[in-house]
Amino acid sequence: MCKTWKSPGGIFSVITLFLVSGAVFADYALNLPEPVSPLTGQIYDLHMLTTRIAFYIMVAVIGIVVYAMFKFRKSKGYEADQNMHRNMFGVWGWILVPVIVLGIDMSIAGSASSTLAQVEDYSDADVTVKVTGSQWKWTYEYMDDGVKVVSNLKKLEPTDELYLRDVDNPLVLPVGKRVRFLHTATDVLHAWWVPEIVYKKDSIPGYINETWTRITKEGTYRGQCAENCGTGHAYMPIVVEAVSEEKYNDWIHGQKLAMAKASAEASSDKVWSRDELVARGEKVYTTNCVACHQASGEGIPNVFPALKGGKIATGPVADHLNIVINGKSGTAMAAWKAQLNDLEIAAVITYERNAWGNNTGEVVQPADVKAAK
Ligand code: HEC
Ligand SMILES: [Cu+2]
């Protein structure tokens, strides 16, 4: 056991910590959140069943112990019963107790096995979403519609009610439809978990796990990454926006239009001005790079390098293109060529070379990115 616990000072500070952190727990009810899908409903019921059984067992055991303590208490030096194994309970107890325990187990397992079968049933999906965990954000791809959404932590003040719980782009899902999730990751283990609507399976690089849901009620549901994935683990919350089918279809349509526009722009031969690129680059940076390199461009000493006055950000353009396009293996710096289009890469590099007093004045065009690939 930890040494601090033994000292009164240590205990005092632990108690103080709990009292002070009371505000942090204010959001948490005593029980699991109310489920809003049939399957999480069943899981919730199983949780209630096992909790109830455990509670009655606890009451019975404590009752027997307390009864025995008073009924059979003897003074020092008393010799315990040497013939217990010969009486009725002594002979049959060894069989009866395991049978009772097994009976309880079976009564739970009975209802659990049908739930488990449904957990593994991924048939007949109306909507399939690939959910990719990365340090530290979620990417949602609607497989049937080719729509892709990157969901990042929304920066809020610690006093804000939704501090560390809100994102820029939520996952929009239709109510009443069967939604299938494909879980994977790009770097380390993550786990996408929104307890109201879906159970939890790990997101594993190079491997796909499946879960599914059918949301029964419109609303906003929040979750968090449930697999410790590094220093930014607390900075990848999940927000699901469950809307009616019509609203969902409108939303998908809007996303498709926006994506078509973006890809047309990215593949046009247009030569962009520096101001245009810097403005776009700032957005790309805020969405994709800020978690590590920080808004100030100063990074985090010894973890994420500063880009403000950085060797590469103010050095030869070719090196800058190379690290953003290909990343650096063995570090947290990912290859962005598959995640960003040429225009976005050109914009973010131009931004980095002109922001925070990096006044190189240089402009990188989408054509330069294409050539460097
Ligand atoms: C998950 C954290 C993370 C994210 C997100 C990230 N980077 Fe990096 N970046 C790193 C790390 C770590 C390095 C240092 C790699 C090394 O050891 O050389 C780095 C290095 C760099 C460098 C070279 C800096 C130097 O002087 O050595 C540039 C430029 C850069 N990143 C640009 C970007 C851009 C642009 C984005 C967004 C599109 C981005 N990074 C997103 C972690 C990150
Ligand atoms: Cu994670």
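**Helix packing and the nonpolar core**

Helix 8 and helix 9 cross in a right-handed manner, a crossing counting as right-handed if the near helix is turned clockwise from the far one by less than a right angle. This is a predicted model, in which local features need pLDDT of at least 70 and side-chain atom pairs count only at pLDDT 80 or more, whereas totals for chains, interfaces and linings use all residues. Residues are numbered from 1 along each chain as its sequence is written, and side-chain values use heavy atoms, with hydrogens and water left out.

**Helix 8 with helix 9**
- Helix 8 (residues 317–326) and helix 9 (residues 342–354) have axes 11 Å apart and pack at an angle of about 130°, which makes helix 8 oblique to helix 9.
- Val317, His320, Leu321, Val324 and Ile325 of helix 8 meet Ile345, Val348, Ile349, Glu352 and Arg353 of helix 9, contact meaning heavy atoms within 4.5 Å.
- The residues of this contact divide into seven nonpolar, one polar and two charged.

**Helix 6 with helix 9**
- The axes of helix 6 (residues 274–288) and helix 9 come within 7 Å and cross at roughly 100°, which makes helix 6 roughly perpendicular to helix 9 (65 to 115 degrees).
- The residues of the contact of helix 6 with helix 9 divide into eight nonpolar, three polar and five charged.

**Largest nonpolar core**
- Among the 38 residues of the largest nonpolar core, those touching the most other members are Val129, Tyr140, Tyr142, Leu171, Phe181, Trp192 and Val240; such a core joins buried residues (under 20% relative accessible area, 1.4 Å probe) through side-chain atoms within 4.5 Å.
- Strand 10 gives the largest share of this core, four residues.

Notes. Chains lettered and ligands numbered in written order. Axes fitted to C-alpha atoms, helices over the stretch in contact; angles between N-to-C directions. Helix = DSSP H or I, 4+ residues; strand = E, 2+ residues; numbered from the N terminus. Parallel < 35°, antiparallel > 145°, perpendicular 65-115°, else oblique. Nonpolar A, V, L, I, M, F, W, Y, C, P; charged D, E, K, R; others polar. Buried < 20%, exposed > 50% of the residue type's maximum accessible area, 1.4 Å probe, protein only.
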